[in-house]
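Try each task before you read its solution.

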Amino acid sequence: MYTEYKRIKMNVVVFALNVAAVVVWCAPRRCEPGDEILGRCRASDEARCTDMMLGYCDDMPYTRTIFPNLLDHRSREEAEAGAEYLLLSVVQSLLKGECTPDVRMLGCSVLAPRCERDRALKPCRSSCEAVQRSCAHAFEAIEMAWPYFLDCDRFFVSHEEGCYDPLEGLREKEEAVLASVSPEEPGTIIQFIYHTNAQMINILKKTAAMCPDIASTYSIGRSVEGKELLVIEFSSNPGQHELLEPEVKLIGNMHGNEVLGRQLLIYLAQYLCSEYLLGNQRVQALVKTTRIHILTSMNPDGYELASSEVEGSNDPDSEEGPWYNGWITGRANAQNLDLNRNFPDLTSIVYSRRRTRRYRTNRIPIPDSYWSGKVAPETYAVMKWIRSIPFVISASLHGGELVVSYPFDFSRHPLEHKVLSPTPDEQIFKQLARTYADAHTTMASNETDRCGASFASKGGITNGAEWYSFAGGMADFNYLHTNCFEITVELGCDKYPVEEDLYTGWRDNKEALLSFMESVHRGIKGIVKDEYGNGIKGASISVRGIRHDITTAEGGDYWRLLTPGIHILTASAPGYTRMMKKIYLPARMQKAGRVDFVLKMAILEPDVDYFNPPAMGTYDRFDPFNQFERYTRSELGVNGEERQEKPWWWAYFAQSGNSVPTWLLRNY
């Protein structure tokens with residue numbers, strides 16, 4: 001029995017030794033130099049945590065990494081030779097210091113991932129998404145695509161999968177800095193300096209990225225020299241029109257050498273975003289109830305030319321700082337067109353037909369003859385813009401005087417250049433102008449020094465044609481072609497004030513800008529519907545005694561600015577019966593009154609007397625000969641593909657000797 005037991009035990013031992021021998025024989029051999037290239041072994045089979053050796057990643061919140069990394073680089077040398085690491089080494093200079101070290105550290109978490117127990121840990125997707133939200137605009141500003149290796153869904157994981165925050169150390173430093181800031185310091189910090197076109201675009205996109213829930217940017221076109229006409233909008237639901245939410249636009253730098261308005265609108269965008277986040281109740285209420293569009297520069301080409309005339313910027317002995325040595329340099333666009341004389345002259349049409357029975361001054365079509373002249377791409381872009389959005393009020397910021405002017409800007413007596421030429425909405429325009437002037441710190445004051453003209457007796461406002469007459473202005477076009485009531489704000493005597501005066505300009509105009517935007521909530525608003533509850537687009541809202549109608553937007557909603565008092569309203573639309581209502585607006589009413597209409601279907605005879613000028617085309621006839629299609633069409637190559645010149649930063653990578661990172665090219 002004992003002998004049998006020893007024999008079985010010996011067999012078990014022999015079997016165990018055989019198994020062990022097989023395991024040892026089949027185990028992968030240790031990689032010697034050159035073995036991996038010959039396919040004899042894989043270095044990844046021997047992956048071990050190793051010390052962090054990448055120079056641009058030495059400030060990560062960990063000291064151990066692993067290869068292969070998340071991009072399958074097998075060694076530190078291979079990672080350093082890649083275009084990904086090259087990008088991290090130059091990203092600070094490319095982005096001019098913005099979003100660094102955030103982007104660099106995020107990239108390091110992929111190139112040199114954290115290692116624990118000989119296993120690579122992936123960084124958190126939430127960290128990646130936060131950086132992308134706040135930094136994507138910086139890449140867009142230099143026309144660079146978001147790097148593929150920072151794809152939040154591909155290389156980053158959720159907290160449930162055991163991720164880590166690669167920016168942990170950076171967050172701790174930021175919290176320490178914030179803790180040291182005195183609570184008495186102002187919440188919104190604005191740098192009162194001039195900005196180049198590139199800096200302006202960058203700031204707008206950065207601001208939108210800081211407030212993604214209430215802000216976004218979009219382009220309405222490009223200038224003659226190809227500069228983007230970028231708009232930033234603020235709304236509780238940016239990107240789309242909300243029923244009964246009024247739309248406001250602010251336009252700066254229409255004349256390229258009148259620059260204070262451009263800077264004020266940049267500051268305003270920063271202010272709205274920052275104050276909203278800080279809980280400013282007034283700003284939050286404004287943004288939640290209003291859709292605000294800000295075009296900081298309508299003439300970036302002219303601004304660039306005017307800026308080249310600024311002298312003293314680099315003179316250390318200059319006590320005055322930079323100053324503008326011209327009055328008209330940069331005023332026009334790159335085609336030498338004055339943009340505020342380049343819109344269709346609809347005012348002359350109104351004057352020629354003002355005695356026509358039942359004549360109205362709204363939705364005047366653009367004459368086909370207009371398109372045979374020189375139409376600037378900036379003008380074309382703005383016309384398409386204001387036709388596509390139901391703006392209610394607008395302000396265009398200029399310089400050279402201290403006054404608010406309102407339409408009409410073209411005199412009703414062509415031979416007389418200083419004649420009061422009121423619109424049917426004279427009282428509304430006066431109210432809008434006074435709202436701005438009275439809220440300005442000095443514009444309505446009798447003690448304010450003026451720039452040549454005297455508007456103190458009028459409270460700092462004037463009818464445009466009574467000041468001086470010109471045709472083809474943007475304010476007249478807004479009123480006669482759309483529902484929008486636009487005023488022109490002259491911000492001061494200096495077209496290009498010294499940089500030290502920018503804060504003063506902001507202080508003088510901040511309250512006026514806010515009050516003007518809030519004034520859109522005056523008068524009445526409502527929805528015109530059919531019997532089935534569907535909104536009626538294009539219905540007319542008429543006010544007895546005012547020969548200017550307002551038309552409803554896509555969903556049947558409308559806004560009608562009115563002064564306090566009793567008004568008789570009529571809603572009408574082709575194919576429906578008319579409906580009339582009498583309303584009373586109290587003098588102290590703080591918000592727009594709600595007046596809805598329900599129209600019944602009817603077959604109506606056409607009204608031959610209704611104002612419809614012959615041989616003028618229709619309202620929808622815009623750019624009938626497609627002469628200006630190039631303003632909104634990409635330039636195509638020989639085979640129809642979009643032509644794309646390499647951006648300036650391409651030289652950083654093309655000369656490196658590595659494979660060129662085409663993944664950084666947008667639209668590649």
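**Exercise 1. A serine and its surroundings**

In which strand is the place of Ser542? Work out its burial and its contacts as well.

*Solution.* Keep in mind throughout that this is a predicted model.

Step 1: Ser542 has its place in strand 16, which covers residues 540–543.

Step 2: turn to accessibility. The relative accessible area of Ser542 is 17%, and buried means under 20%, so Ser542 counts as buried.

Step 3: look for partners beyond four places in sequence. Ser542 is in contact with Arg360, Asp549, Ile568, Leu569 and Thr570. With one of these, Asp549, the side chain of Ser542 makes a polar contact of 3.0 Å.

**Exercise 2. The annotated glutamate**

Which residue does the UniProt annotation "active site" cover? Describe the setting of that residue.

*Solution.* Step 1: according to the unreviewed UniProt entry, the "active site" annotation covers Glu490.

Step 1: Glu490 lies in strand 14, residues 485–492, and has a relative accessible area of 7%, so it is buried. Strand 14 itself is mostly covered, with eight of its eight residues buried.

Step 2: list the contacts, leaving out residues up to four places away in sequence. Glu490 touches His398, Gly399, Gly400, Glu401, Leu402, Val403, Met443 and Trp467. Take Gly399 from that list: the side chain of Glu490 reaches the backbone nitrogen of Gly399 at 3.4 Å.

**Exercise 3. Strands side by side**

Which strands pair with strand 14, and in what sense, parallel or antiparallel? Then follow strand 12 to a further partner.

*Solution.* Step 1: strand 11 (residues 391–398) pairs with strand 14 in the parallel sense, over six bridges. Ser394 has Glu486 of strand 14 as its bridge partner.

Step 1: strand 12 (residues 401–406) runs antiparallel to strand 14, and five bridges join the two. Here Val403 stands opposite Glu490, and Ser405 stands opposite Thr488.

Step 2: strand 12 is also joined to strand 13 (residues 461–463), by three bridges and in parallel.

Step 3: check the two ways the side chains of strand 12 can point. Glu401, Val403 and Ser405 point one way, Leu402, Val404 and Tyr406 point the other way, and all are buried.

**Exercise 4. Aromatic rings**

How many aromatic pairs does a search of the whole structure find? Classify two of them and look for a cluster.

*Solution.* Step 1: the search finds 30 aromatic pairs.

Step 1: start with Tyr62 and Tyr164, whose ring centres are 5.6 Å apart with 90° between the planes. Angles over 60 degrees count as edge-to-face, and this pair is edge-to-face.

Step 2: ask where the two partners sit. Tyr62 is in the loop between strand 1 (50–51) and strand 2 (64–65), while Tyr164 is in the loop between helix 5 (125–141) and helix 6 (168–179), so the pair ties together parts that are 102 residues apart in sequence. Both Tyr62 and Tyr164 are buried.

Step 3: apply the approach to Phe139 and Trp146. Their ring centres are 5.1 Å apart and their planes stand at 70°, so this pair is edge-to-face. Phe139 and Trp146 are both buried.

Step 4: find the cluster. Ring pairs link Tyr351, Tyr406, Phe408, Phe410, Phe429, Tyr479 and Phe485. One of its members, Tyr479, is buried in helix 15, and helix 15 (residues 474–481) is mostly covered, with eight of its eight residues buried.

**Exercise 5. Charges over rings**

*Solution.* Step 1: Arg341 lies over the face of Phe470, at 3.9 Å from the ring centre.

Step 1: Lys581 lies over the face of Phe597, at 5.1 Å from the ring centre.

**Exercise 6. A loop residue**

Is Asp153 buried or exposed? Locate it too.

*Solution.* Step 1: Asp153 has its place in the loop between helix 5 and helix 6.

Step 1: the relative accessibility of Asp153 is 61%, and exposed means over 50%, so Asp153 counts as exposed.

Step 2: compare sequence with space. Asp153 and Cys124 are 29 residues apart in sequence and 10.0 Å apart in space, C-alpha to C-alpha.

Terms used:
Residues numbered from 1 in each chain as written. Predicted model: local features only at pLDDT ≥ 70, side-chain atom pairs only at ≥ 80, totals over all residues. Heavy atoms only, no water. Phe/Tyr/Trp six-rings, centres within 6.5 Å; stacked < 30°, edge-to-face > 60°. Helix = DSSP H or I, 4+ residues; strand = E, 2+ residues; numbered from the N terminus. Buried < 20%, exposed > 50% of the residue type's maximum accessible area, 1.4 Å probe, protein only. Lys NZ or Arg CZ within 6 Å of the ring centre and 35° of its normal. UniProt positions renumbered as here; feature names shortened; annotations may be inferred. Contact = heavy atoms within 4.5 Å. Polar contact = N/O pair within 3.5 Å; in protein donor to acceptor, adjacent residues only side chain to side chain. Pairing = 2+ DSSP bridges.
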